[in-house]
Amino acid sequence: MFIAAPFTGFTEPVRPYSFGGVPTYTTEAQMIATYLNESVPDAKVGILYQNDDFGRDYLNGMIRFFEGDITATAAYDHVVPGRA
């Protein structure tokens, strides 16, 4: 209940007693995509995303908005400094 994390996995499929207090990564990506589309309509879009559920959530939001008009995607592994 009152989960303060933007990962859709906490709320989808819909769980009766949990909901996020911030926009999901998917929603955030769609807001950024809308801004890009309005500001630079002819821009080529490439997405660098974190290689985990959070990054894929973000990527899915961009893919939903741009519907195949993404030039390139690449994943990176998040590494915490000092940990192997």
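This is a dialogue about a predicted model of one protein chain.

Student: What makes up the protein chain, in terms of helices and strands?
Tutor: The protein chain has two helices and two strands. Read from the N terminus, the elements follow the order α-β-α-β.

Student: How do you describe the packing of helix α1 and helix α2?
Tutor: Two packed helices are described by the angle between their axes and by the distance between those axes. Helix α1 covers residues 25-39 and helix α2 covers residues 53-66. Their angle is about 40°, and their axes are 7 Å apart.

Student: Why is α1 called oblique to α2?
Tutor: Angles under 35 degrees count as roughly parallel, and 65 to 115 as roughly perpendicular. The angle here is about 40°, so α1 is oblique to α2.

Student: Is the crossing of α1 and α2 left-handed or right-handed?
Tutor: The crossing of these two helices is right-handed.

Student: Which residues make the contact?
Tutor: From α1 they are Tyr25, Thr26, Glu28, Ala29, Gln30, Ile32, Ala33, Thr34 and Asn37. From α2 they are Phe54, Asp57, Tyr58, Gly61, Met62, Arg64, Phe65 and Phe66.

Student: How many residues of each class does the contact of α1 with α2 have?
Tutor: It has nine nonpolar, five polar and three charged residues.

Student: How do you know whether Thr26 is buried or exposed?
Tutor: Buried means under 20% relative accessible area. Thr26 has a relative accessible area of 5%, so Thr26 is buried.

Student: Where does Thr26 lie, and what does Thr26 touch?
Tutor: Thr26 lies in helix α1. Leaving out residues up to four places away in sequence, Thr26 touches Thr8, Asp57, Gly61 and Arg64.

Student: What makes Pro23 partly exposed?
Tutor: Exposed means over 50% and buried means under 20%, with partly exposed in between. The relative accessible area of Pro23 is 43%, so Pro23 is partly exposed. Pro23 lies in the segment before α1.

Student: How many residues apart in sequence are Pro23 and Thr8?
Tutor: They are 15 residues apart in sequence, and 9.2 Å apart in space from C-alpha to C-alpha.

Student: Why does Val45 count as buried?
Tutor: The cut-off for buried is under 20%. Val45 is at 11% relative accessibility, so Val45 counts as buried. Its place is in strand β1, residues 45-50.

Student: What does Val45 touch?
Tutor: Not counting residues up to four places away in sequence, Val45 touches Phe66, Asp69, Ile70, Thr71 and Ala72. Val45 and Ile70 are 25 residues apart in sequence, and their C-alpha atoms are 5.1 Å apart.

Student: What can be said of the protein chain as a whole?
Tutor: Of its 84 residues, 24% count as buried. The accessible surface comes to about 6,100 Å², and 57% of that belongs to carbon and sulfur atoms. Among contacts between residues at least 6 apart in sequence, 58% join residues at least 24 apart.

How values were computed
Residues are numbered from 1 along each chain as its sequence is written. This is a predicted model: local features need pLDDT of at least 70, side-chain atom pairs count only at pLDDT 80 or more; totals for chains, interfaces and linings use all residues. Side-chain values use heavy atoms; hydrogens and water are left out. Axes are lines fitted to C-alpha atoms, for helices over the stretch in contact, and angles run from 0 to 180 degrees between N-to-C directions. Helices (H or I, at least four residues) and strands (E, at least two) are DSSP runs, numbered from the N terminus. Angles under 35 degrees count as roughly parallel, over 145 as roughly antiparallel, 65 to 115 as roughly perpendicular and the rest as oblique. A crossing is left-handed if the near helix is turned anticlockwise from the far one by less than a right angle, and right-handed if clockwise. Contact means heavy atoms within 4.5 Å. Ala, Val, Leu, Ile, Met, Phe, Trp, Tyr, Cys and Pro count as nonpolar, Asp, Glu, Lys and Arg as charged, and the others, Gly among them, as polar. Buried means under 20% relative accessible area, exposed over 50%, partly exposed in between (1.4 Å probe, protein chains only). Accessible areas come from the Shrake-Rupley method with a 1.4 Å probe; for residues, only the protein chains shown count as cover.
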